[in-house]
Amino acid sequence: MIFLGIESSCDDTAAALVTGDRRILSSVVSSQTALHADFGGIVPEIAARAHAERLDLAVEQALAEAGLSLDAVTGIAVTAGPGLIGGVMAGVMCAKGIAAGTGLPLVGVNHLAGHALTPRLTDGVDFPYLMLLVSGGHCQFLRVDGPDAFTRLGGTIDDAPGEAFDKLAKLLALPQPGGPQVEAEAAQGDPRRFPLPRPLLDRPGCDLSFSGLKTAALRQRDALIAAQGGLRTTDRRDLCAAFQSAVAEVLAEKSRRALVLSPVPLLAVAGGVAANVQIRAALEHVAAEAGARFLAPPLRLCTDNGAMIAWAGIERFRLGHRDGMDLAARPRWPLDGRAAPMLGHGK
Ligand code: ATP
Ligand code: FE
């Protein structure tokens, strides 16, 4: 079995070919970072137009890199939400066009399910497991019991952690994306100099909050500027170190609680923030203490990509899911019916 996966829900146009026995034959990701760089954020209209222009090319390239034609493909999986609606629509239209032209089955995939099922693609893990999704647009704990059986244990009530890293970088005049920059500065800083809060640790459960942390960092910055007339290199490094430690501590404590609420043998992470070494180490420690395995898939499969969509499509296809030409693009699509609507990024 070979599935074509198409992803266009945010600022990456991606297509990939994946087999039923977990081989990634090709994975093409065309990033739009440069297109949005001047605007300080993703501009939905620009993203949608760029997806529409690039999708066919990404699919052609994925087929070429795998050395296959559409004749060899079993089905087409496409992200049908959640995400920026113009981009999701462009992907769904592209997938429908191919399905109509070839007669191949079409499977709509939830973008978050793509991330959540990635450990099954990379490492063939069994259900159940716990997934902590930490990216620029998402932050949630999911208990994964099957290809379409997800329980949301908690998540951010405001910003996603990647978004918070990016905002801190902006406050400190560091380049975007902020996460890697903040991590590099933090490596040379003292995390104890600035006392930053540990939001929501005083409340039970697995919900998280990051906007207060950013505001506290802003206050520290402004106090330094008022007192000294500007920021010194050490100030910047110490603020980054304090911020990163606070995020790591909060993510670790909430993961510990999630593993108490839902004792499963594996804690997995996905999303760009999982690249952070301190955060990764903190989560690994929590998993070890709970007697669970820790798994962080390779970064190119942790961030947005088409392979995870192809794989989620294969898993859904095996359960008998098929979609028709009426498959809708959905800006919001919680993974579990009980989930509260996500705030921030419209997801
Ligand atoms: P999604 O739609 O999945 O939310 P996204 O593009 O917003 O997609 P990702 O590509 O998964 O998110 O990750 C990008 C985010 O990860 C950015 O906010 C970036 O700052 C953050 N990030 C990347 N590397 C690091 C790091 N080393 N430390 C902390 N944050 C990081
Ligand atoms: Fe994503």
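**Burial, fold and ligand shell**

Guide: Buried residues make up 52% of the 347 residues in the protein; a residue is buried if 20 or more other C-beta atoms, placed from the backbone, lie within 10 Å of its own, exposed if 12 or fewer, and partly exposed in between. This is a predicted model, in which local features need pLDDT of at least 70, side-chain atom pairs count only at pLDDT 80 or more, and totals for chains, interfaces and linings use all residues. Residues are numbered from 1 along each chain as its sequence is written, while chains are lettered from A and ligands numbered from 1 in the order in which they are written.

Visitor: What is the mean pLDDT of the protein?
Guide: The pLDDT is the predictor's confidence in each residue, from 0 to 100. A value of 70 or more is reached by 97% of the residues. Over residues 338-347, however, the pLDDT is below 50. The mean for the protein is 94.

Visitor: What radius of gyration does the protein have?
Guide: The radius is taken over C-alpha atoms, and the globule rule is 2.2 Å times the number of residues to the power 0.38. With 347 residues, a compact globule would therefore have a radius near 20 Å. The protein agrees with this, having a radius of gyration of 20 Å.

Visitor: Which elements give two or more residues to the shell around ligand 1?
Guide: A residue is near a molecule if its C-beta atom, placed from the backbone, lies within 6 Å of it. There are 21 residues around ligand 1, and Gly 136, Gly 137, Gly 162, Gly 179 and Gly 272 come nearest. Helices (H or I, at least four residues) and strands (E, at least two) are DSSP runs, numbered from the N terminus. The elements asked for are α5 (161-171) and α6 (178-186).

Visitor: Is Ser 135 buried or exposed?
Guide: Ser 135 is in the loop between β6 (129-134) and β7 (139-146), and an unreviewed UniProt entry lists Ser 135 under "binding site". There are 23 other C-beta atoms within 10 Å of Ser 135, so this residue is classed as buried.

Visitor: Which residues beyond four places in sequence are in contact with Ser 135?
Guide: Two residues are in contact if their C-beta atoms, placed from the backbone, lie within 7 Å. Leaving aside neighbours within four places in sequence, the contacts of Ser 135 are Ala 160, Gly 162, Gly 271, Gly 272 and Val 273.

Terms used: UniProt positions are given in the numbering used here, feature names are shortened, and annotations may be inferred rather than shown by experiment.
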